[in-house]
Amino acid sequence: MSDMKVEENRLRTFSRWPSDAPVSPERIAKAGFFATGSDLEVQCAWCEKKIAAWEYGDQVIARHRRLDPLCRFVINPTESGNVPRASGSSQATGVDDWKNEETRLRSFSRWPVTFVSPAALAKAGFYFFNLEDRVRCAWCQGVVGQWEEGDDPFTVHQRFFPTCPRAVLGPNIDIPAGERISELGIQATRPPKMPKYASLDARLRTFAAWPVAEVQRGEILAQAGFYYQGNQDQVRCFQCDGGLKCWLPDDDAWCEHAKWFPKCQFVQLMKGQAYIEAIQRSSASQKQESSARTGRPEPTMTLDEAMATEPVRQTLRMGLHEGRIRAATKQQLEHRGRPFDTADDLVRAVLGGQVFNEVDLDEVEPPEGSNVIVRRVSDIIGFLVNSTTHRMSTEAPPAAQEMAPPSSPDAPEVPKDAQSLEEENRKLKDARLCKICMDEEISIVFLPCAHLASCGQCASGVSHCPLCRSVINGRVRIFLS
């Protein structure tokens, strides 16, 4: 448990700590505790005593003192072996400065260990901050100490911090100072928040009772990483745990995912950072252009904040459709910059929109979007017809084969290796298929084993390479041409 005596390591154990918990992870980690993973339970790295119940206003160190007044950390944190988050020379040098190998190497001028070379430590991403034999990584900020003879810095780095960019790349690749791993096209893996929904099939099964299939298709949402929670139209991402609800017909699942949760690893893997940045820029520019061109005031609150106002709550209690209430509120914010002042105004807007939506389609001009739907259906029908015609032309029916005249002696012979070419073509096609689902095309390279074995949908659900069973520390998306 010596690694838990490093405050930064303790803080990392709170990745699933609820955001609305009475006490913040920073305060708990600073008081010597780390999260055990069981609800709100934490444990001291020194006395190993546990606390499971928290209340607002709790003083963590005071509770620690009452729990075990003889704990080494409680008596004297400085002499207990605790490593605080910021100490030594790391304050005098900028964070990005340590990403330069020469700068890291210079920090080992007083390195006390003779059997682990400063050059190997610096190459592995570590710098020395003049405290015993402890070193810190310039990328993940992880601290390692108590070195033993025969230790390899990269092996130790990968064992304790497997998702660190420096540890993922290995000793043969260097990261230039100030360059992020994402800029190299490499994604360090993090386990999904809900691993049981990591597969596409598992997410699809949750949409069996999806209530608004006419608004958003469940299979499209599942492909975008969402699973259905069984509550109205609320969905949640298996990777980042981000939730979305109140879907509108013109919402794009991938676009909304990238817009509201740009740091989600599944979106980054499937769509790329360039796509996410484009969505973010588009969202910001649309707000600016809408305000500048139409002269409409900037909204005073977000749509989710407007949905929490009293007029909206009163209208929801009346039993009106939540999606129509959300659409009317969104339009009000875009045109007026503020939500509805009274429930009566909101009810009139909702009922007005509902009457228009329920008018006989034969009596009104088709909406602009209907032409797009017609064109998409036509494209699908055309594709099916063309593919069927091509298949019929290449595969003659039995009757046609019987009517075909016998081949003449002068007819050219079929090449003897035609069958082998067909078999080779089939093998090439199989080689491009995902080794997990055997359906989609491979597009993800696993690191460090460098096997190209999975499609994007399946890659997020595995922690070991399906070919060599080695641990996956990073992923790179590639495009076959």
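This is a predicted model: local features need pLDDT of at least 70, side-chain atom pairs count only at pLDDT 80 or more; totals for chains, interfaces and linings use all residues.
Asp 241 sits in the loop that runs between strand S9 (235-237) and strand S10 (243-244), and its phi is near 70 degrees, a positive value in a residue other than glycine.

A positive phi is also found at Met 438, which is not a glycine either and whose phi is about 55 degrees. Met 438 belongs to the loop between helix H20 (418-431) and strand S11 (444-447), and with a relative accessible area of 44% this residue is partly exposed.

The cysteines can be considered next. A disulfide is a covalent bond between the sulfur atoms of two cysteines, and the structure holds zero disulfides. The sulfur of Cys 240 has its closest cysteine sulfur in Cys 237, at 3.6 Å, which is too far for a bond, because a disulfide requires the two sulfur atoms to lie within 2.5 Å. Cys 437 is likewise in no disulfide, the nearest cysteine sulfur being that of Cys 434, 3.8 Å away.

Side chains of opposite charge can pair when their charged atoms come close, and a search of the whole structure finds eight salt bridges. One of the eight salt bridges joins the side chains of Lys 49 and Asp 68, with 3.6 Å from N to O. Lys 49 lies in the loop between strand S2 (42-44) and strand S3 (50-51), while Asp 68 lies in the loop between helix H3 (60-67) and helix H4 (72-75), so this pair ties together parts that are 19 residues apart in sequence. The two partners can also be described by their accessibility: Lys 49 is partly exposed, with a relative accessible area of 35%, whereas Asp 68 is buried, with a relative accessible area of 14%.

Two further pairs complete this walk through the model. The side chains of Arg 63 and Asp 58 meet in a salt bridge with an N to O distance of 3.0 Å, and Asp 58 counts as buried at 13% relative accessibility. Glu 132 forms a salt bridge with Arg 134, where the closest N and O atoms are 3.1 Å apart, and Arg 134 is buried, with a relative accessible area of 12%.

Key
Residues are numbered from 1 along each chain as its sequence is written. Side-chain values use heavy atoms; hydrogens and water are left out. Helices (H or I, at least four residues) and strands (E, at least two) are DSSP runs, numbered from the N terminus. Buried means under 20% relative accessible area, exposed over 50%, partly exposed in between (1.4 Å probe, protein chains only). A salt bridge is a side-chain nitrogen of Lys or Arg within 4 Å of a carboxyl oxygen of Asp or Glu.
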